[in-house]
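Hi,

Here is the structure I promised to pass on. Have a look at it first, and then read my notes below.

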Amino acid sequence: MDPRLHERCHDQFRRRHRQAAVRLLVHGLVGWVGVAGVLLLLQFAILGWFEPVRTVRLGLWWSALALAALAAYSLLWRPLRQLRRRRHLARRLDRAAGQPDTLGAAEEALRRPDRWRTDTPVREALVGRLLTRASHLLEDLDLSRLLPVPRPVLVFGLLVAVLLAGWQLERRVPEVLDRGWRSWRSPWADAGVVTGGLQLVPG
């Protein structure tokens, strides 16, 4: 079998796997930043406007931390884990394209040559045809169609909305954001404790 075909197919799998991971990572990061931004703005507003007692501040702080961790798992860890191996990507692309396990079989042939021996002319021809077909599919496939990210408009819209909301709050009520930031940074501190160079005195 032509070693150049083997190398080309291997490089195409590696490139497509990297592209798919980058797409999911970017989408997940944008979504997570948007969710984290909403949580931070809500906390800054609540802490800055109402200045709740320490128990409430700690409850808000831990709740936001738990929600941010849950969002990171849902938007980053789980999608990336589903494509952690090239064989997972190959099987998913085969299912999405509604075709036989061409890419899955080709990926296994590259990864497990002991199971796809080419010690006879017939076997060599079959494996060569399989890799040639997989190479054409990998070259022409559209990742955005076969591996779409969920609700991209909503995810990017959320990030834009968070940035606009933060900008408006900074323009209109900067003192609220400042109090909220200092309270969020030290949710366990009592009133009257010096934080950030400013002493808060009750009454």
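Predicted model: local features only at pLDDT ≥ 70, side-chain atom pairs only at ≥ 80, totals over all residues.

Residues are numbered from 1 along each chain as its sequence is written, and side-chain values use heavy atoms, with hydrogens and water left out.

Aromatics: a search of the whole structure gives 5 aromatic pairs (Phe, Tyr and Trp rings, the six-membered one for Trp, with centres within 6.5 Å; planes under 30 degrees apart are stacked, over 60 edge-to-face, the rest tilted). One of them is Phe44 with Trp181, edge-to-face at 6.2 Å between centres and 85° between planes. That pair links helix H1 to helix H8 (residues 174-185), 137 residues apart (helices are DSSP runs of H or I, at least four residues, numbered from the N terminus). Phe44 also pairs edge-to-face with Trp184, at 6.0 Å and 80°. Phe44, Trp181 and Trp184 form one aromatic cluster.

Phe44 is buried at 13% relative accessibility, whereas Trp181 is partly exposed at 36% and Trp184 is partly exposed at 22% (buried is under 20% relative accessible area, exposed over 50%, partly exposed in between; 1.4 Å probe, protein chains only).

Buried spots: helix H4 (residues 102-111) has 8 of its 10 residues buried, and their cover includes helices H1, H3 and H5. Ser135 is in helix H5 and is buried at 4%. Beyond its neighbours within four places in sequence, Ser135 contacts Arg8, Cys9 and Gln12 (heavy atoms within 4.5 Å).

Cheers

How values were computed: Helix = DSSP H or I, 4+ residues; strand = E, 2+ residues; numbered from the N terminus.
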